[in-house]
Amino acid sequence: MNVLKRIKRGEKVMVTLPSGRGKHNQYTLTDGTEVGHDQFAAIRAFLTPEDTGLLSDAEPQSYVWAG
């Protein structure tokens with residue numbers, strides 16, 4: 001099953017902060033399946049934050065499908 005179908009079925013997209021300067025956040029499904037930056041950018045408009053970020057202006061810790 002592809003990533004989009006799994007997200008639509010309710011899996012979360014988890015956000016992992018980069019480990020070094022100049023690197024991008026990494027996005028994975030709850031089982032560790034990678035969601036590429038291009039793929040995340042394409043579906044970002046259809047996702048809603050599930051777990052808020054640690055700081056008020058930080059990116060959320062996870063996203064879910066909002067349709």
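Colleague: Which residue in β5 does Leu47 stand opposite?

Modeller: Leu47 stands opposite Trp65 in β5. Keep in mind that this is a predicted model.

Colleague: How many bridges join β4 to β5?

Modeller: Strand β4, residues 47–51, is joined to β5 by 4 bridges, and the two run antiparallel.

Colleague: And how many bridges join β1 to β5?

Modeller: Strand β1, residues 13–16, has 2 bridges to β5, and that pair runs antiparallel. Met14 stands opposite Ser62 of β5.

Colleague: What is the order of the strands in the sheet?

Modeller: The order is β3-β2-β1-β5-β4, in an open sheet of 5 strands with antiparallel pairing. β3 (34–35) and β4 stand at the edges with a single partner strand each, so one side of each has no neighbour in the sheet.

Colleague: Back to Ser62. Is it buried or exposed?

Modeller: Ser62 has a relative accessible area of 0%, so it counts as buried. The residue lies in strand β5.

Colleague: What does Ser62 touch?

Modeller: Leaving aside residues up to four places away in sequence, Ser62 touches Lys12, Val13, Met14, Val15, Thr48, Pro49, Glu50 and Asp51. With Asp51 there is also a polar contact between the side chains, at 2.7 Å.

Colleague: Which residue forms a salt bridge with Asp51?

Modeller: Lys12 does, and the closest N and O atoms are 3.2 Å apart.

Colleague: How many salt bridges does the structure hold?

Modeller: The structure holds 3 salt bridges. One of them joins the side chains of Glu11 and Arg6, at 2.8 Å from N to O. Another is between Asp31 and Arg6, where the closest N and O atoms are 2.6 Å apart. Asp31 is in the loop between β2 and β3 and Arg6 is in helix α1 (residues 3–8), so this pair ties together parts that are 25 residues apart in sequence.

Colleague: Is Arg6 buried or exposed?

Modeller: Arg6 is buried, because its relative accessible area is 15% and the cut-off for buried is under 20%.

Colleague: Which residues end up in one salt-bridge network?

Modeller: Arg6, Glu11 and Asp31, which are joined by salt bridges that share partners.

Colleague: New topic, the rings. How many aromatic pairs are there?

Modeller: There are 3 aromatic pairs in the structure. One of them is Tyr27 with Phe40, and it counts as stacked because the ring centres are 3.8 Å apart and the planes are at 5°.

Colleague: Where do Tyr27 and Phe40 lie?

Modeller: Tyr27 is in strand β2 (residues 26–29) and Phe40 is in helix α2 (residues 37–43), so the pair ties together parts that are 13 residues apart in sequence.

Colleague: Are Tyr27 and Phe40 buried or exposed?

Modeller: Tyr27 and Phe40 are both buried.

Colleague: Which residues make up the aromatic cluster?

Modeller: Tyr27, Phe40 and Tyr63 form one aromatic cluster.

Colleague: Last one, the stretch after β5. Where is Ala66?

Modeller: Ala66 lies in the segment after β5, which covers 62–65. Its relative accessible area is 52%, so Ala66 is exposed.

Colleague: What does Ala66 touch, then?

Modeller: Not counting residues up to four places away in sequence, Ala66 touches Phe46, Leu47 and Thr48.

Colleague: How far is Ala66 from Thr48 in sequence and in space?

Modeller: Ala66 and Thr48 are 18 residues apart in sequence, and their C-alpha atoms are 5.6 Å apart in space.

Conventions: Residues numbered from 1 in each chain as written. Predicted model: local features only at pLDDT ≥ 70, side-chain atom pairs only at ≥ 80, totals over all residues. Heavy atoms only, no water. Buried < 20%, exposed > 50% of the residue type's maximum accessible area, 1.4 Å probe, protein only. Contact = heavy atoms within 4.5 Å. Pairing = 2+ DSSP bridges. Phe/Tyr/Trp six-rings, centres within 6.5 Å; stacked < 30°, edge-to-face > 60°. Polar contact = N/O pair within 3.5 Å; in protein donor to acceptor, adjacent residues only side chain to side chain. Salt bridge = Lys/Arg side-chain N within 4 Å of Asp/Glu carboxyl O.
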